[in-house]
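Have a look at the structure first, then read on.

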Amino acid sequence: FFEKTLTAVKNWFTLFGWSKGQNPLSIPQSLRRDVCKVRVVSLEETGFKQNLGKDTKTIYDMVSHLSGRSVPGITPSKSLPLDPIERMSQLHWQHSTLLAFLKSQGAYLPHVMPEFLLEPDDYKKWIEVQTALKVGLGFLYIFSNKHLLILKDNVFETISKRAWTDVLMQIYKVFVLSRVSSRSVTDQPSLESMQKMPRIKSGPLSSNMYSPYERIILTWLNKHYEKNRKTVWKDCHKGGVPPVRWIVNFDRDLLDGLVLAAQLAAYCPYLIDTHFVRMYTNPRSYEQFLHNCLILVNAMHAVSLAIDIKV
C-alpha cells in the first residue's frame with residue numbers, strides 16, 4: 001500500500017510540482033540531494049563555487065511554485081558550508097524551517113523529525129554530534145525533553161522514504177487540495193433523483209475521513225454522474241443506462257470506471273460515441289471492470305490527458 005502511495009505521489013509531483021514543465025523525482029534520493037543551486041568544491045586549501053545551474057530544482061522551488069511564496073529564511077542559491085559538520089547543521093536547520101513553514105500552513109507532520117530528511121551520511125554526523133552533546137552535558141541531558149533516536153542504516157532509509165512521502169502529501173494537501181472551491185458545484189441540477197439523493201456536507205466536522213475540499217470533489221462527482229449517466233449510456237448495448245449511485249468514497253465507488261467516465265464526458269462529450277458507449281454499465285466480473293478501465297484510460301490518452309494513470 002505504501003509503495004503504491006509513494007508511486008502515485010512521485011508521479012504527480014514529477015508532472016505538476018514544478019514551474020517549468022516536468023522534473024523527474026525520486027523519493028527520497030533527489031529530494032535529499034538537490035537542496036541548493038550552488039556547491040562549494042574543495043581543492044586542497046582553497047575552494048571554488050560550482051554553479052549547478054538553473055535546471056537544478058530543489059524542494060524549496062517546488063514549495064514556492066505550489067504556494068506562491070518562498071520558505072522564509074531559505075535561499076536555494078546560497079551554497080552549503082564545506083565543513084561536513086557545518087553542512088549537516090545548515091541542512092538540519094533548513095529542514096526544520098521547512099517543516100515549521102508547512103505546519104504553519106496547516107500540514108500535520110508531528111512524526112517527521114528534521115534529521116529524517118537528511119542524507120544517510122549527514123544523519124550519522126547528526127547522531128555523532130548529539131551523542132557528544134549528551135556525554136558533555138552529563139546528567140543535565142537526562143532532564144531535558146530531547147530524545148535521541150539512533151536508527152540502523154536500513155531502518156533509516158525506510159523512515160526517510162516515509163517521511164519525505166508524508167511531507168509531499170501534506171504539501172499537496174495544504175497548497176493544492178485547498179484550492180478546491182465549492183463555487184463550481186453550487187449549481188446542482190434540478191433533477192428529481194438528485195433532489196432525493198442525500199447531500200454530502202462539506203463542513204469541517206461532517207467527516208472524520210475526508211477534508212471539506214475532498215467532500216466538495218465528491219459532490220462534483222455525484223453531480224456529473226447523475227447529470228450525464230442517461231446521456232452517456234442511453235445507446236449502450238452492454239447493460240443500458242446505469243442505476244442511480246451515491247458516490248461517497250474515492251476507492252470502491254470509482255472502481256468500475258463509470259463515474260470517472262461521466263466526469264470526462266461532461267467536458268469531452270465527443271468521447272461518448274468513440275469510447276464510453278462500449279462500457280459495461282453493470283459490470284460483474286474482473287474482466288468487465290478491466291474492460292471499462294481500459295476504455296477510460298484510452299479516452300484520457302485520446303485527449304492528451306497524460307497523468308500516467310495505469311489501468
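Cys-36 counts as buried, because its relative accessibility is 8% and buried means under 20% relative accessible area, with exposed over 50% and partly exposed in between (1.4 Å probe, protein chains only). This is a predicted model, where local features need pLDDT of at least 70, side-chain atom pairs count only at pLDDT 80 or more, and totals for chains, interfaces and linings use all residues. Residues are numbered from 1 along each chain as its sequence is written, and side-chain values use heavy atoms, leaving out hydrogens and water.

| Residue | Relative accessible area | Class |
|---|---|---|
| Cys-36 | 8% | buried |
| Cys-293 | 14% | buried |
| His-291 | 22% | partly exposed |

Now for His-291, which sits in helix H12, residues 286–302 (helices are DSSP runs of H or I, at least four residues, numbered from the N terminus). Beyond its neighbours within four places in sequence, His-291 touches Lys-238, Arg-278, Met-279 and Tyr-280, where contact means heavy atoms within 4.5 Å. Gly-257 is 34 residues away from His-291 in sequence, with 9.2 Å between their C-alpha atoms.

As for confidence, the chain's mean pLDDT (the predictor's confidence in each residue, from 0 to 100) is 84, and 82% of residues reach 70 or more. Residues 139–145 have pLDDT below 50, and this stretch makes three contacts beyond near neighbours in sequence. Residues 188–193 also stay under 50, with 11 contacts beyond four places in sequence.

Key: Helix = DSSP H or I, 4+ residues; strand = E, 2+ residues; numbered from the N terminus.
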